Amino acid sequence: MRRPFVIRHTKRNIVLASLLALLCIGAAELAACRHFEPEIYERIVSPVRYAAGVVADTGKAGLDAAAQFCRNTADNLSQFASDTAAQAAAFWEELTTPKAAPGRYRPPAKDEPNPSAVPTVPPITELRRVGNRDILTGGVVDIVYFCQSAPEWTDAPYGTDTIGPYGCGPTAMAMAVASLTDIPADPATMAAWAVANGHWARRSGSRHSIVQGAAAGFGIEAESFPSREAEDMLAALEQGKLLVALVGPGHFTDGGHFILLRGVTDDRQVLVADPNSPERSLMLWDPQIVLDELSSARDNGAPLWVLSPPGT
């Protein structure tokens, strides 16, 4: 009864022995081939090497992906735990913090600033209405400000022209006279004076002689300022003097324009009074911009004059 099993077992041993013999013979032949025919040997083993490399790379990529997944999962769990703890702490603080009674003042804590006790920094310059005059503050003197295009002046006559498009000269000198003296000058009266004294130029605005002419006519000292160095200009302003600048095309005009230089800030910026722009009059200007945009005119002391109050 046990004979078939013995026969099957014997056959299996014969097969295994035959396979082992074939492997040994194949290995021996392969080794001989490697020694005597290396090219044939490489052709035989190259596919095997490639397959082994693919298997190894695939296994490494799988291990790397598994490691990255574990790291991401750990990070997400850590963040979730941190967020949950923070939310729980905030909820507990809300439950335990006493609430101020509705409508009652709660004094600020010691480490909270009291808004009413924080000092405010005043602006460097402002345009204020004082009585019936507009005043530019922050310069060497407070400037009585006039704008040539304001409704009360824009259509006022300047010879056969009007002050709005042509009256920067009389408007600038009206600001200087009203600020440095007690004379109640304004653009209309200064325009009439300029026409009467030969300083109006038809369709061109004002002759450059208006600066020294109006200064002499109203008791102000006016001299040409020859320096084109920023430090010299700033020093004159720091000494309490006004400057009149005739500027060409640039930030202030497309043609020719008279403005006042009225002060200097701690960081060496220039304050101006532009007779055609309250906005530019409240801006701070690099002194080199003003110097670079001065007119090329050189008659009658142009393009830069320094004004001094009477008696200085």
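Over which residues does the pLDDT stay under 50, with zero contacts beyond four places in sequence? In this predicted model, that is the case for residues 1-6, where pLDDT is the predictor's confidence in each residue, from 0 to 100, and a contact means heavy atoms within 4.5 Å. Residues 98-113 also have a pLDDT below 50, although that stretch has four contacts in the model beyond near neighbours in sequence. Where pLDDT is low, the predicted coordinates should not be read in detail. For the chain, the mean pLDDT is 79, and 61% of the residues reach 70 or more.

A word on the ground rules: residues are numbered from 1 along each chain as its sequence is written, and side-chain values use heavy atoms, with hydrogens and water left out. Local features need pLDDT of at least 70 and side-chain atom pairs count only at pLDDT 80 or more, while totals for chains, interfaces and linings use all residues.

Now to the aromatic rings. Rings of Phe, Tyr and Trp (its six-membered ring) pair if their centres lie within 6.5 Å, with planes under 30 degrees apart called stacked, over 60 edge-to-face and the rest tilted, and the count here comes to four aromatic pairs. One of them joins Phe146 and Trp153, which are edge-to-face because their planes stand at 90°, with the ring centres 5.9 Å apart. Phe146 is buried at 11% relative accessibility, and Trp153 is buried at 15%, where buried means under 20% relative accessible area, exposed over 50% and partly exposed in between (1.4 Å probe, protein chains only).

Phe252 and Trp285 form a tilted pair, 4.5 Å centre to centre and with 40° between the planes. Both count as buried, Phe252 at 5% and Trp285 at 5%.
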